[in-house]
Amino acid sequence: MSDIRISIITVCKNSETTIRQTLNSVYSVLNNNKYIEYIIQDSLSNDSTLDIIKEFSGKIPNLHVFSEKDEGLYDGMNKALLKCKGMYVLFLNSDDILLKQFNQFLEFILMNDNVDFYTAPVVFFKRPKYKIKRVFLSFPKKLNLIKRIIYSFIPAHPGFICKSELLKKNKFNLTYKISADYYQMCKIVSNIKYKRKIFNQPIIAMAMGGKSNTLKGLKIGMFEVKNINNKFKYREKLFIRYFRNVLQHILPIFLFYKLNLRKISQELETNANIKLNS
């Protein structure tokens, strides 16, 4: 049996402007941890992405790099899932930052490995500044109307850490261009037989932007989310979902001390300036 508890997966294509910071964060946090493997699934990048990744060869423990053709982000994630050996899987985007709180999360998992999936808050930042702009919270229980506006039953994808066997049985559905991760999480989270546990501190800082935040992406995403909600009889109105997104930009004010957001912002700034030792 493998000793690997968590497989961290990064899917990338032409990510030269951000992936060094992502790799720096993994290098700084993992610190030769034998319980973690890091899988990078590259989609035949033709910029300097692969050269940057090579700089970390031998530095990051259990680093496995694959570069092959795929049909897009979600197909790359499916390909990477087939290669992972960990009990759990965490997806780290190629412009996101792994936080030092991850090490406490690993201890949490080692004490609770009978859980099917974990959720954690996700903080959002925007380059070139590293101030936290948004906080995404999820909660498993039925809540009153006010709390339902603040908390989401479905977590943000980087805050969803799931058993690899469940993800392999419920691969990303490639018919969804923007919301295949949402579909996958709905399918797993809505199944009451799966045991869920919450870790109350962020372990990933997610970069704001991307295809889903363009006007075209928002339109596609709204259509797909509505379709998925109907499929799983998840009756949350879309206006609540998007109003919650607005409120999440206010939450950093109220959660500044509870989530130690100043320290996270400093960690992001430090990460951006790390020079890899030879």
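Visitor: Which residue of strand 8 stands opposite F124?

Guide: Strands here are DSSP runs of E with at least two residues, while helices are runs of H or I with at least four, and both are numbered from the N terminus. Strand 7 (residues 122-125) runs antiparallel to strand 8 and pairs with it over 4 bridges, where pairing requires that DSSP finds at least two bridges between two strands. Across this pairing, the residue that F124 faces in strand 8 is R134.

Visitor: Before we continue, what pLDDT do local features need?

Guide: Residues are numbered from 1 along each chain as its sequence is written, and side-chain values rest on heavy atoms, with hydrogens and water left out. This is a predicted model, in which totals for chains, interfaces and linings use all residues and side-chain atom pairs count only at pLDDT 80 or more, whereas local features need pLDDT of at least 70.

Visitor: Which strands are the edge strands of the open sheet?

Guide: The open sheet has 4 strands with mixed pairing, and their order is 5-11-7-8. An edge strand pairs on one side only, and this applies to strand 5 (97-98) and strand 8 (132-136).

Visitor: How many residues of strand 2 are buried?

Guide: Buried means under 20% relative accessible area, exposed means over 50%, and partly exposed lies in between, with a 1.4 Å probe and protein chains only. From strand 2, I36, Y38, I40 and D42 point one way, while E37, I39 and Q41 point the other way, and all of them are buried. Strand 2 pairs in parallel with strand 1 over 7 bridges, with I8 bridged to Y38. Strand 2 is largely enclosed by the rest of the structure, because its buried residues number 7 of the 7.

Visitor: Is Q184 buried or exposed?

Guide: Q184 belongs to helix 7 (residues 180-189), a helix that is largely enclosed by the rest of the structure, because 9 of its 10 residues are buried. Contact means heavy atoms within 4.5 Å, and, leaving aside neighbours within four places in sequence, Q184 is in contact with H157, L167, N170, K171 and F172. Since its relative accessibility is 1%, Q184 counts as buried.

Visitor: How far apart are the C-alpha atoms of I154 and C186?

Guide: I154 sits in the loop between helix 5 (145-150) and strand 9, and at 4% relative accessibility it counts as buried. Not counting residues up to four places away in sequence, I154 touches F136, S138, Y182, M185, C186, V189 and Y234. I154 and C186 are 32 residues apart along the chain, yet their C-alpha atoms are separated by 6.7 Å.

Visitor: What relative accessible area does L143 have?

Guide: L143 lies in the loop between strand 8 and helix 5. Apart from neighbours within four places in sequence, L143 has contacts with R148 and Y151. L143 is classed as partly exposed, because its relative accessible area is 22%.

Visitor: Finally, what radius of gyration does the chain have?

Guide: The chain has 11 helices and 11 strands, and 51% of its 278 residues are buried. Among contacts between residues at least 6 apart in sequence, 81% join residues at least 24 apart. The radius of gyration is taken over C-alpha atoms, and the globule rule is 2.2 Å times the number of residues to the power 0.38. For 278 residues a compact globule would have a value near 19 Å, which agrees with the chain's own 18 Å.
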